[in-house]
Amino acid sequence: MPNDTLTIRPLHPLFVGEVSGIDLTQPIALEQVAAIETAIAEHAMLVFRDQRLTDDQQLDFSRRFGDLEHTGGTGISKPGEQRLHPAFADVSNLDVNNTVLARDNRRRLYSLGNMLWHSDSSFKPIPATYSLLSGRVVVAKGGETEFADMRAAYDAFDDATKAEIEDLICEHSLIYSRETLGFGDLSEAERATMRPVRQSLVRTHPVSGRKSVYLASHIGKIIGWPVPEARAFIRDLTEAATQPAFVYRHAWRPFDLVMWDNRCTMHRARRFVSTEVRDMRRTTVAGTDTTAAQVPLAAE
Ligand code: OGA
Ligand code: MN
């Protein structure tokens with residue numbers, strides 16, 4: 001079937017479009033890439049059903065939106081332990097032999113950080129634009145992914161809050177989100193890959209022009225603020241930003257491909273029975289700009 005008509009059906013009153021009329025296993029025309037970019041600028045995230053992608057097809061489709069991030073070099077992943085091509089974030093609970101990770105497996109415990117509200121790669125100086133997550137094997141119960149619209153969250157803040165956050169800069173690091181879960185046994189070499197970076201708390205989307213609040217569980221500081229006050233404030237903002245009205249819960253069907261814009265959404269994984277196979281594979285489109293000036297290493 002030619003890929004010439006995209007139909008978008010809203011799945012939520014504020015955001016999320018379900019796209020039909022496209023087969024992502026086939027070459028995609030430039031006009032369709034443009035149509036997807038236009039659609040995601042409006043809906044912030046898109047759901048494509050029944051896309052039986054191979055890894056190569058997922059890579060090809062994802063690369064139409066920009067360079068891909070490689071997952072090595074940050075966090076606790078080690079070369080040789082990776083099940084997938086380095087441009088994939090392996091969001092599964094499987095090891096290199098496709099065996100389900102034991103309950104106390106270190107990588108599994110580390111990856112539980114995905115259950116905290118976050119935006120992908122906000123801990124990198126140039127954070128990600130899009131993430132594309134393919135549900136290859138999904139669990140029967142639980143294991144949903146929730147998404148929250150950070151444009152709607154921003155719009156709902158009162159004027160005093162908007163004024164207060166307008167110029168704030170936060171520090172993001174994987175160390176902070178793991179600390180929240182009590183995952184503190186990180187080696188010096190691992191910590192060195194997780195150096196905090198600075199991000200603006202308010203962003204303006206380059207296509208839609210809409211403002212959003214750039215929150216994530218990776219935030220540990222607001223520049224110029226006492227740490228406890230910053231963390232309490234970030235918690236308050238996060239609670240307001242993730243109130244039920246702003247949240248879409250995605251219940252996975254096999255071979256769903258969900259694409260979201262990290263610049264204006266947050267997401268989190270929900271619990272599931274840890275002995276069941278959940279094979280989710282993410283490609284991540286790298287951003288092109290910082291959101292805030294970084295501190296040069298020597299100046300710290
Ligand atoms: C991700 C992520 C959540 C999930 O892929 O970036 O956070 O439900 N996934 O697996
Ligand atoms: Mn994520």
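Biologist: Which element gives the most to the lining of the second largest pocket?

Modeller: In this predicted model, the second largest pocket is lined by 15 residues, with Thr180, Ser217, Ile234, Arg235 and Thr238 nearest its centre. Two elements each give two or more residues to that lining, namely H6 and helix H8 (227-241). With six residues, the element that gives the most is H8.

Biologist: What is the volume of the second largest pocket, and how do the residues of its lining divide by class?

Modeller: The volume of the second largest pocket is about 440 Å³. By class, the residues of its lining divide into eight nonpolar, three polar and four charged.

Biologist: Which element gives the most to the lining of the largest pocket?

Modeller: The largest pocket has a volume of about 1100 Å³. Strand S4 (88-90), helix H3 (106-111), helix H6 (174-180) and strand S15 (279-284) are the elements that give two or more residues to its lining. Of the elements lining the largest pocket, the one that gives the most, with four residues, is H3.

Biologist: Which residues lie nearest the centre of the largest pocket?

Modeller: The lining of the largest pocket divides into 15 nonpolar, 19 polar and 16 charged residues. Among the 50 residues that line this pocket, those nearest its centre are Asp90, Val91, Tyr110, Ser111 and Asn114.

Biologist: How many cavities of 30 Å³ or more does a search of the whole structure find, and how much space lies in the largest cavity?

Modeller: The search of the whole structure finds one cavity of 30 Å³ or more. The space in the largest cavity comes to about 110 Å³.

Biologist: Which strand provides the largest share of the lining of the largest cavity?

Modeller: The lining of the largest cavity includes His267, Arg268 and Ala269, together with residues such as Trp260 and Arg278. By class, this lining has four nonpolar, four polar and four charged residues. The largest share, three residues, comes from strand S14 (residues 265-269).

Biologist: Where does ligand 1 sit?

Modeller: Ligand 1 is surrounded by Val91, Asn114, His118, Asp120, Leu133, Thr145, Trp260, His267, Ala269, Arg278 and Arg282. The lining of the largest cavity comprises Val91, Asn114, His118, Asp120, Leu133, Thr145, Trp260, His267, Arg268, Ala269, Arg278 and Arg282. The site in which ligand 1 sits is the largest cavity.

Definitions and conventions:
Residues numbered from 1 in each chain as written. Chains lettered and ligands numbered in written order. Predicted model: local features only at pLDDT ≥ 70, side-chain atom pairs only at ≥ 80, totals over all residues. Heavy atoms only, no water. Near = heavy atom within 4 Å. 1 Å grid on protein atoms, 1.4 Å probe; cavity = no way out; pocket = protein on both sides within 12 Å on 5 of 7 lines; lining within 4 Å. Sits in = over half its atoms within 2 Å of the grid points. Points joined across faces, edges and corners; volume = space filled by probe spheres on them. Nonpolar A, V, L, I, M, F, W, Y, C, P; charged D, E, K, R; others polar.
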